[in-house]
Amino acid sequence: QVHLGESGGGSVQAGGSLRLSCAASARTFSNLRMSWFRQAPGKERMFVARIASTGGHTYYADSVKGRFTISRDNAKNTVYLQMNSLKPEDTAVYYCAAARPSTRPGEYEYWGQGTQVTVSS
């Protein structure tokens, strides 16, 4: 079982930055595929960014490309999402998700409880 806990959310003005963290309680964290998703009020949850287990490959939604950076520290069992040039449309609850290597691409077995990010104009 893997437990994920996000932190770092908050309120910021447009153009500002936040860094989200997701700590995982997993002995095999370095084997997990990690991603960030977000869900705005009244909308479906959407993919934000993904990072491979080794950290060598990253992938972003078009809406955040060039502004957000996903990274991981396998020694600390933590994945990060650095968010710069934030826009009001980035307002959402942000979730981290994890998948074992055997899980099909795009599917995730473990989810955090989410952290709120609010961007004001």
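So, surface first: the chain exposes about 6,400 Å², and carbon and sulfur atoms supply 46% of that. Those areas come from the Shrake-Rupley method with a 1.4 Å probe, and for residues only the protein chains shown count as cover. Before I go on, this is a predicted model: local features need pLDDT of at least 70, side-chain atom pairs count only at pLDDT 80 or more, and totals for chains, interfaces and linings use all residues. Residues are numbered from 1 along each chain as its sequence is written, and side-chain values use heavy atoms, with hydrogens and water left out.

Now, what is hidden? Of the 121 residues, 43% count as buried. Buried here means under 20% relative accessible area, exposed means over 50%, and partly exposed is in between, with a 1.4 Å probe and protein chains only.

What about overall dimensions? The C-alpha atoms fill a box of roughly 40 × 30 × 25 Å, taken along the principal axes. A compact globule with 121 residues would have a radius of gyration near 14 Å, and the chain has 13 Å, which agrees. That radius is taken over C-alpha atoms, and the globule rule is 2.2 Å times the number of residues to the power 0.38.

Contacts next, meaning heavy atoms within 4.5 Å. Among contacts between residues at least 6 apart in sequence, 55% join residues at least 24 apart.

Charges, quickly. There are 14 positive and 8 negative ones, and their mean positions are 4 Å apart. Lys and Arg count as positive, Asp and Glu as negative, while His and the chain ends are not counted. Each charge is placed at NZ of Lys, CZ of Arg, CG of Asp or CD of Glu.

Okay, cysteines. The structure holds 1 disulfide, where a disulfide is a pair of cysteine sulfur atoms within 2.5 Å. Which residues does the disulfide join? Cys 22 and Cys 96, with an S to S distance of 1.9 Å. The pair links distant parts of the chain: Cys 22 sits in strand S3 (residues 18-25) and Cys 96 in strand S9 (residues 92-99), 74 residues apart. The torsion about the S-S bond is about 45 degrees, so this disulfide is right-handed. Cys 22 is buried at 0% relative accessibility, and Cys 96 is buried with a relative accessible area of 0%.

Most residues other than glycine have a negative phi. Asn 77, though, has a positive phi of about 55 degrees, and you'll find Asn 77 in the loop between strand S7 (68-73) and strand S8 (78-83). Ser 85 has a positive phi too, near 50 degrees. Ser 85 is in the loop between S8 and S9, partly exposed at 41% relative accessible area.

Start with Val 2, in the segment before strand S1 (3-7). Is Val 2 buried or exposed? Buried, at 10% relative accessibility. Leaving aside neighbours within four places in sequence, Val 2 is in contact with Ala 24, Ser 25, Ala 26, Leu 32 and Tyr 110. Val 2 and Ala 24 are 22 residues apart in sequence but 6.7 Å apart in space, C-alpha to C-alpha.

Then Arg 27, in the loop between S3 and strand S4 (33-39). Arg 27 is exposed, with 89% relative accessible area, and its C-alpha is 9.7 Å from that of Gln 1, 26 residues away along the chain.

Tyr 80 lies in strand S8 and is buried, at 12% relative accessible area. Not counting residues up to four places away in sequence, Tyr 80 touches a list of residues including Leu 20, Trp 36 and Ile 70.

Last one: Met 46, in strand S5 (residues 46-51), partly exposed at 32% relative accessibility. Outside four places in sequence, Met 46 touches Phe 37, Arg 38, Ala 61 and Ser 63.

Conventions:
Helix = DSSP H or I, 4+ residues; strand = E, 2+ residues; numbered from the N terminus.
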